[in-house]
Amino acid sequence: MAKLAILGASGHGKVLADIALLTGWDEIDFFDDRFPVLSQLEQWDVVGNTEQLLQQLSNYDGVIVGIGNNRIRLEKQNKLFKLDAPLISLIHPRAIISTMSEIGIGSVIMANAVINSFSKIGQACIINTAATIDHDCKLADGVHISPGSHLAGGISIGIGSWVGIGANIVQLVTIGDNVIIGAGSTVIHSISSYQKVIGSPAKPI
């Protein structure tokens with residue numbers, strides 16, 4: 001029996017649980033800092049908070065953080081990593097991933113996502129439903145590529161940045177750390193760290 005702990009009883013966590021069941025995990029427990037007020041997520045039990053998970057790591061074959069917020073997800077993962085938690089990644093069976101790409105620990109690749117050759121996905125990233133990452137892209141830790149977003153080849157994205165739903169980024173662009181790209185935007189130029197941009201072409205707001 002393969003037993004998985006998911007930290008974060010959220011909508012994102014539910015998607016992770018679904019992927020886990022599709023990929024051979026038999027038993028799933030959730031942990032969330034709203035426990036014990038929150039004790040159930042659909043059919044799954046919420047059995048403790050972060051600190052309780054840290055005390056029970058040896059009870060699990062795998063652990064993954066199911067929190068959508070990039071900063072919090074990365075903070076939680078780093079804490080687990082320092083304690084040698086059995087961190088895993090989850091990849092939906094219908095994702096298409098080049099054997100010449102790299103997926104960092106704690107990342108999740110959703111259904112119908114595509115990651116092409118020689119792209120590198122950092123730790124604790126989310127490549128969401130039907131997002132595409134073309135060749136030679138480099139995503140730092142804690143990045144979220146939202147559903148239906150498309151990255152052309154040779155793009156670099158910094159720590160904690162978020163590409164909104166349906167956004168498109170042209171080839172060879174560099175996106176800094178903690179950037180937010182609004183839904184439906186088209187990015188044609190590099191963006192420095194801590195910027196919020198939106199539009200087609202995307203401009204700072």
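Reader: What separates the centres of domain 1 and domain 2, and over which atoms is that taken?

Author: The model is predicted. In it, 23 Å separate the two domain centres, taken over C-alpha atoms. Domain 1 covers 3-88 and domain 2 covers 89-199 in the domain assignment.

Reader: How many residues does the contact take from domain 1 and from domain 2?

Author: Domain 1 gives 17 residues, and domain 2 gives 23 residues. The area buried between them is about 1,500 Å². Carbon and sulfur atoms give 69% of that area.

Reader: Now the aromatic pairs. How many does the structure hold?

Author: The structure holds 2 aromatic pairs.

Reader: What makes phenylalanine 30 and tryptophan 44 an aromatic pair, and why is the pair called tilted?

Author: Ring centres must lie within 6.5 Å. For phenylalanine 30 and tryptophan 44 the value is 5.8 Å, so the two rings pair. Next, the planes. Under 30 degrees would be stacked, and over 60 would be edge-to-face. The angle here is 55°, so the pair falls under tilted.

Reader: Which parts does that pair tie together?

Author: Phenylalanine 30 lies in strand S2 (residues 27-31), and tryptophan 44 lies in strand S4 (residues 44-48). The pair therefore ties together parts that are 14 residues apart in sequence.

Reader: How do you know whether phenylalanine 30 is buried or exposed?

Author: Buried means under 20% relative accessible area. Phenylalanine 30 has 0%, so the residue is buried. Tryptophan 44 has 11% relative accessibility, so tryptophan 44 counts as buried by that cut-off too.

Reader: Why is the pair of phenylalanine 31 and tyrosine 60 called edge-to-face?

Author: The angle between the planes is 80°.

Reader: Where do phenylalanine 31 and tyrosine 60 lie?

Author: Phenylalanine 31 lies in strand S2. Tyrosine 60 is in the loop between helix H2 (50-55) and strand S5 (62-65). The pair therefore ties together parts 29 residues apart in sequence. Both phenylalanine 31 and tyrosine 60 are buried.

Reader: Which residues does UniProt list for "binding site"?

Author: The unreviewed UniProt entry lists His144 and Ile165.

Reader: Why can one say that they gather at one spot?

Author: They span 22 residues in sequence. Yet no two of their C-alpha atoms are more than 10.0 Å apart, so they gather at one spot.

Reader: Is histidine 144 buried or exposed, and what is the value?

Author: Its relative accessible area is 12%. The cut-off is under 20%, so histidine 144 is buried. Histidine 144 is found in strand S15 (residues 144-145).

Reader: What makes the link between histidine 144 and asparagine 128 a polar contact?

Author: The distance between the side chains is 3.0 Å. Leaving aside neighbours within four places in sequence, histidine 144 is in contact with residues including Gly68, Arg73 and Trp162.

Reader: Why is isoleucine 165 called partly exposed?

Author: Exposed means over 50%, and buried means under 20%. Isoleucine 165 has 49% relative accessibility, so the residue falls in between. Isoleucine 165 is in the loop between strand S18 (162-163) and strand S19 (168-169).

Technical notes:
Residues numbered from 1 in each chain as written. Predicted model: local features only at pLDDT ≥ 70, side-chain atom pairs only at ≥ 80, totals over all residues. Heavy atoms only, no water. Phe/Tyr/Trp six-rings, centres within 6.5 Å; stacked < 30°, edge-to-face > 60°. Helix = DSSP H or I, 4+ residues; strand = E, 2+ residues; numbered from the N terminus. Buried < 20%, exposed > 50% of the residue type's maximum accessible area, 1.4 Å probe, protein only. UniProt positions renumbered as here; feature names shortened; annotations may be inferred. Contact = heavy atoms within 4.5 Å. Polar contact = N/O pair within 3.5 Å; in protein donor to acceptor, adjacent residues only side chain to side chain. Domains from an automatic or database assignment. Buried area = accessible area lost by both parts, 1.4 Å probe.
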